[in-house]
Every structure is written in structure tokens, then in C-alpha cells.
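Visitor: Walk me through this model. Keep it brisk, and give me the cut-offs.

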Amino acid sequence: RMAIEQQARLVPVLALGEVLQLRNLVRWPAAQCWTYKRLGFPMPFVLGGRWGISPLPSKVPLVYVLGQPLAPPPLPEDGSPVPQAAVDELHARFYASLQAMYARHAPNHPELARTPLT
């Protein structure tokens with residue numbers, strides 16, 4: 001909505017490999033699912049990175065992909081608020097662009113070559 005109101009172009013950016021840098025060393029799915037739904041993050045969470053229990057990220061390849069800027073639809077001429085249909089259309093174009101970028105570039109990443117986009 002803000003991009004349409006300001007007539008700002010949206011640039012889709014995709015980062016491949018960032019989720020592989022850190023991991024949770026504790027595996028307790030039931031508790032982590034419950035706390036994730038209520039708190040927004042899993043508990044217990046013991047950060048695992050480069051040297052086991054470490055906040056430093058593991059060395060994994062990172063690929064950053066910049067998409068083509070997406071022009072927003074024009075503003076209503078009568079000065080009325082931006083219609084929800086215009087927001088939904090720009091949102092759909094943005095995520096379609098991200099999906100196309102993932103389909104094109106994920107096979108080039110050594111860890112994500114066979115990982116589907118969810």
C-alpha cells in the first residue's frame with residue numbers, strides 16, 4: 001500500500017543460503033512448535049554456528065539475487081484511498097517475481113539445488 005501511495009518501485013531481493021548459516025542444536029519439535037506459535041520463536045533454542053555452540057555463522061555459500069524493479073499501479077485519480085485490489089495485484093506480482101527468481105537461481109546453489117520453495 002505504501003509503495004503505491006508513494007509511487008515507489010519495489011525491488012525483489014532473494015538471499016539463498018542464509019538459513020543454512022545458523023541452526024538450533026536442540027530438537028524438541030512439540031515444545032518448539034508450541035512456543036513458535038505463541039511467541040514467534042522456538043524454545044528451547046541453542047544457537048549452533050561455526051564451531052558448534054557459537055553465534056558466528058557457519059561458512060556456507062550465499063547467493064543474493066536482485067530482481068527487476070516492479071512499477072506500482074497508478075494512484076486513483078479522484079484522490080480516494082488505494083483500493084485493496086491494487087495492493088493485492090502488486091503483492092501477487094512481487095511474490096511471482098520471487099518465485100521465478102528462486103526457480104532460476106536455486107539450482108546454482110550447492111545446498112539448495114533440490115530444495116523446493118515453500
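Visitor: Over how many bridges do E1 and E5 pair, and in what sense?

Guide: This is a predicted model: local features need pLDDT of at least 70, side-chain atom pairs count only at pLDDT 80 or more, and totals for chains, interfaces and linings use all residues. Residues are numbered from 1 along each chain as its sequence is written, and side-chain values use heavy atoms, without hydrogens or water. Strands (E, at least two residues) and helices (H or I, at least four) are DSSP runs numbered from the N terminus, and two strands pair if DSSP finds at least two bridges between them. E1 and E5 are antiparallel, and the number of bridges is four.

Visitor: What is the volume of the largest pocket?

Guide: A pocket is an open set of points on a 1 Å grid over the protein atoms alone, where a 1.4 Å probe fits, with protein on both sides within 12 Å along at least five of seven lines. Points join across faces, edges and corners, and the volume is the space filled by probe spheres set on them. For the largest pocket that gives about 170 Å³.

Visitor: Which strand gives the largest share of the lining of the largest pocket?

Guide: Lining residues have an atom within 4 Å of a point. Among them are Leu-14, Glu-18, Tyr-102 and Pro-116. The lining divides into nine nonpolar, two polar and one charged. The largest share, three residues, comes from strand E1 (residues 13-16).

Visitor: Which strands are the edges of the open sheet?

Guide: Three strands form the open sheet, antiparallel, in the order E2-E3-E4. E2 pairs with E3 (residues 47-49) over two bridges, and Asn-24 has Leu-47 as its bridge partner in E3. Pairing on one side only marks the edge strands, E2 (23-24) and E4 (52-53).

Visitor: Within what arc do the buried residues of H3 fall?

Guide: Helix H3 (residues 84-105) reaches 31 Å from first C-alpha to last, close to the 32 Å expected at 1.5 Å a residue; the expected span is 1.5 Å times one less than the number of residues. Its buried residues (under 20% relative accessible area, 1.4 Å probe, protein chains only; exposed is over 50%, partly exposed in between) include Leu-90, Phe-94 and Ser-97. Taking directions from the helix axis to the C-beta atoms, they line one face because they fall within an arc of 150°.

Visitor: Which exposed residues does H3 carry on the face turned away from its buried side?

Guide: An α-helix has 3.6 residues a turn, so residues three or four places apart point the same way. On H3, the face away from the buried side carries Ala-85 and Ala-103.

Visitor: What is the phi of Gln-7?

Guide: Gln-7 sits in the loop between helix H1 (2-6) and E1. Its relative accessible area is 38%, so Gln-7 is partly exposed. Its phi is positive, though the residue is not glycine: near 55°.

Visitor: How far apart in space are Gln-68 and Ser-97?

Guide: Gln-68 is in the loop between E5 and H3, exposed at 65% relative accessibility. Gln-68 and Ser-97 are 29 residues apart in sequence; C-alpha to C-alpha, the distance is 8.4 Å.

Terms used: Ala, Val, Leu, Ile, Met, Phe, Trp, Tyr, Cys and Pro count as nonpolar, Asp, Glu, Lys and Arg as charged, and the others, Gly among them, as polar.
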